[in-house]
Amino acid sequence: MAMANNKKVGVILASAVVLAVMPFLVGGALGNSWVRILDFSLLYVMLALGLNMVVGFAGLLDLGFIAFYAVGAYTYGLLCSPHFGLHLPFYIAIPIGAALAAFFGILLGTPVLRLKGDYLAIVTLGFGEIIRIFINNLNAPVNITNGPQGINLIDPIEVGGFSLGKTFELFGLTFSNVYLYYYMFLALTVGVVIMAWRLQHSRIGRAWVALREDDIAAAAMGINIRNIKLLAFALGALSGGVAGGLFSAFQGFISPESFSLIESIMILAMIVLGGMGNIPGVILGAVMLTVAPEILRATIGPLQMAVFGKTLIDPENARMLLFGLAMVVMMLVRPEGAWPSKRRRMEFQDAKKGVTHG
């Protein structure tokens with residue numbers, strides 16, 4: 001037992017050291033643009049963990065999760081920009097955005113309590129599109145969201161009077177603001193991971209698993225199905241709202257195009273490919289699906305020039321083609337995900353052998 005605990009502590013410490021030096025290693029080898037990609041990967045980890053509470057833990061298929069990301073982003077943008085003349089500090093604006101996202105999560109969950117499967121997916125998809133369309137059109141008769149033009153000049157996050165949007169010097173070297181945001185995002189991502197981990201191993205997490213496996217049996221055991229579903233939607237949306245506020249501060253500009261349906265599908269793909277319901281797998285899936293497309297974007301064009309002497313397929317189209325092909329292969333070869341939980345791995349293995357669980 002002591003050896004196992006020491007091993008866990010060693011893994012945690014080694015991971016902490018790697019994560020601490022990661023932006024400097026990546027930035028020194030590949031440039032600041034790849035540190036920026038690391039920042040976005042942390043945002044997607046938060047989003048994937050939030051959606052995993054709904055889909056992976058509770059088994060509720062949600063195709064409109066990006067709506068909560070949009071609510072958090074626009075709340076921060078409206079409260080921390082010249083649009084309304086408000087410049088609230090981030091420690092007020094981000095919690096407000098997270099609370100509003102949780103409220104919208106409950107708002108979505110309430111009318112769909114009796115739905116599941118394909119029907120639930122269609123309703124949540126429609127909810128995500130409704131939020132995006134509202135944001136796109138709330139510029140008349142009263143200009144609230146500035147419509148398709150979006151909101152710009154959004155305030156960066158400030159900690160102790162120091163803006164994370166500025167460059168900084170360390171040992172005589174000047175570093176971009178993407179390094180500072182990396183550590184801010186990392187701290188909040190660790191917080192979301194801890195929250196998800198504690199929930200998974202709590203009574204709430206066990207109730208979600210019971211709901212996912214059989215909602216009728218869960219209700220027969222005394223679980224309040226209504227409340228546990230609403231809690232899943234609210235807590236998942238809360239994580240999405242936090243990520244949205246951070247995205248708004250990081251970008252300094254937001255518009256409805258950032259919250260399209262394809263983003264919801266990508267976040268769901270992160271969970272499925274990483275390992276649905278397994279927190280380390282979800283983190284792996286989020287990082288893979290954030291970094292891999294950028295690697296393809298950087299290599300497809302030069303590779304075609306080197307092999308054929310010209311560009312036969314547009315790099316963006318080729319990137320999406322290879323990306324989609326990789327997902328199809330992954331689902332055929334390893335449908336349980338790259339890093340599934342032990343329970344999910346056993347379920348897929350038994351399914352292949354024709355074993356059923358009563």
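**Contacts, core and loops**

Biologist: Which residues is Tyr 76 in contact with, leaving aside neighbours within four places in sequence?
Modeller: Tyr 76 is in contact with Phe 90, Ala 93, Ile 94, Ile 154, Asp 155, Pro 156, Ile 157, Gly 245, Ser 248 and Ala 249. Contact means heavy atoms within 4.5 Å.

Biologist: Where do these coordinates and numbers come from?
Modeller: This is a predicted model, in which local features need pLDDT of at least 70, side-chain atom pairs count only at pLDDT 80 or more, and totals for chains, interfaces and linings use all residues. Residues are numbered from 1 along each chain as its sequence is written, and side-chain values use heavy atoms, with hydrogens and water left out.

Biologist: What pLDDT does the protein chain average?
Modeller: The average is 91, and 96% of the residues score at least 70. pLDDT is the predictor's confidence in each residue, from 0 to 100.

Biologist: Which element has the lowest mean?
Modeller: Helix H13 (residues 342–353), with a mean pLDDT of 72, while helix H3 (residues 66–79) has the highest, 98. Helices (H or I, at least four residues) and strands (E, at least two) are DSSP runs, numbered from the N terminus. Where pLDDT is low, the predicted coordinates should not be read in detail.

Biologist: Which residues touch the most other members of the largest nonpolar core?
Modeller: Tyr 76, Ile 157 and Trp 208, in a core of 96 residues. Helix H2 (residues 32–57) gives the most to this core, 18 residues. A nonpolar core is a set of buried Ala, Val, Leu, Ile, Met, Phe, Trp, Tyr and Cys residues joined through side-chain atoms within 4.5 Å. Buried is under 20% relative accessible area, exposed is over 50%, and partly exposed is in between (1.4 Å probe, protein chains only).

Biologist: At what angle do H2 and H7 pack?
Modeller: At about 50 degrees, with the axes 9 Å apart. That makes H2 oblique to H7. The contact is made by Met 53, Gly 56 and Phe 57 of H2 and Trp 208, Val 209 and Arg 212 of H7. By class, it has 4 nonpolar, 1 polar and 1 charged residues. Ala, Val, Leu, Ile, Met, Phe, Trp, Tyr, Cys and Pro count as nonpolar, Asp, Glu, Lys and Arg as charged, and the others, Gly among them, as polar.

Biologist: And what about H7 with H9?
Modeller: H7 (residues 203–213) and H9 (residues 225–251) pack at about 110 degrees, axes 10 Å apart. They are therefore roughly perpendicular to each other. On the H7 side the contact includes Trp 208, and on the H9 side Leu 235 is among the residues. The residues of this contact divide into 9 nonpolar, no polar and 1 charged.

Biologist: Changing topic: which peptide bond is cis?
Modeller: The one from Ala 140 to Pro 141, with omega near 0 degrees. Pro 141 is in the loop between helix H5 (118–137) and strand S3 (151–152).

Biologist: What is phi at Asn 146?
Modeller: Positive, about 65 degrees, although Asn 146 is not a glycine. Asn 146 is also in the loop between H5 and S3. Most residues other than glycine have a negative phi, and most peptide bonds are trans.

Biologist: Is Asn 146 buried or exposed?
Modeller: Asn 146 counts as buried because its relative accessibility is 19%. Leu 153 has a positive phi near 55 degrees and lies in the loop between S3 and strand S4 (158–159). Leu 153 is exposed, at 61%.

Biologist: Where is Ile 313?
Modeller: In the loop between helix H11 (279–308) and helix H12 (315–333). At 40% relative accessibility, Ile 313 counts as partly exposed.

Note on methods: Axes fitted to C-alpha atoms, helices over the stretch in contact; angles between N-to-C directions. Parallel < 35°, antiparallel > 145°, perpendicular 65-115°, else oblique.
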